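Student: Please take a close look at one part of this model, the aromatic cluster. Which residues form it, and how are the rings arranged?

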Amino acid sequence: MNFTVGSVVVMVVYKKLKVGKVIDRSLTKSGYVYEVKTEDGKLYDDILVDDKSNSIRISTSITNSFLKSKKR
């Protein structure tokens, strides 16, 4: 799944969930990498989507559930 700048995403950060917004994205050979600013003001860069080998990643399934629950 590709996110655009300004998209709300849920990240897994060392087994904790954090909500943030995409502030930048770059195309690489393996796909897009994102820069995300979380609600607590921290910046995370070079974040991949659903890359379970990394301890910091964007989770599409949790993001989709979160966005659906906000629409209700």
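Tutor: Phe3, Tyr32 and Tyr34 form one aromatic cluster. This is a predicted model, where local features need pLDDT of at least 70, side-chain atom pairs count only at pLDDT 80 or more, and totals for chains, interfaces and linings use all residues. Residues are numbered from 1 along each chain as its sequence is written, and side-chain values use heavy atoms, with hydrogens and water left out.

The structure holds two aromatic pairs. Rings of Phe, Tyr and Trp (its six-membered ring) pair if their centres lie within 6.5 Å; planes under 30 degrees apart count as stacked, over 60 as edge-to-face and the rest as tilted. Phe3 and Tyr34 are edge-to-face, because their ring centres are 6.0 Å apart and their planes stand at 75 degrees. Phe3 lies in the segment before E1 and Tyr34 in strand E3 (residues 31–38), so this pair ties together parts that are 31 residues apart in sequence. Strands here (E, at least two residues) are DSSP runs, numbered from the N terminus.

Tyr32 and Tyr34 make a tilted pair, because the planes meet at 40 degrees, with ring centres 6.3 Å apart.

Now burial. Buried means under 20% relative accessible area, exposed over 50%, partly exposed in between (1.4 Å probe, protein chains only). Phe3 and Tyr34 are both buried. Tyr34 has 1% relative accessibility. Tyr32 is partly exposed, at 26%.

Tyr32 also has a charged neighbour. Arg25 lies over its face, at 4.1 Å from the ring centre. The criterion: NZ of Lys or CZ of Arg within 6 Å of the ring centre and within 35 degrees of the ring normal.

Key: Helix = DSSP H or I, 4+ residues; strand = E, 2+ residues; numbered from the N terminus.
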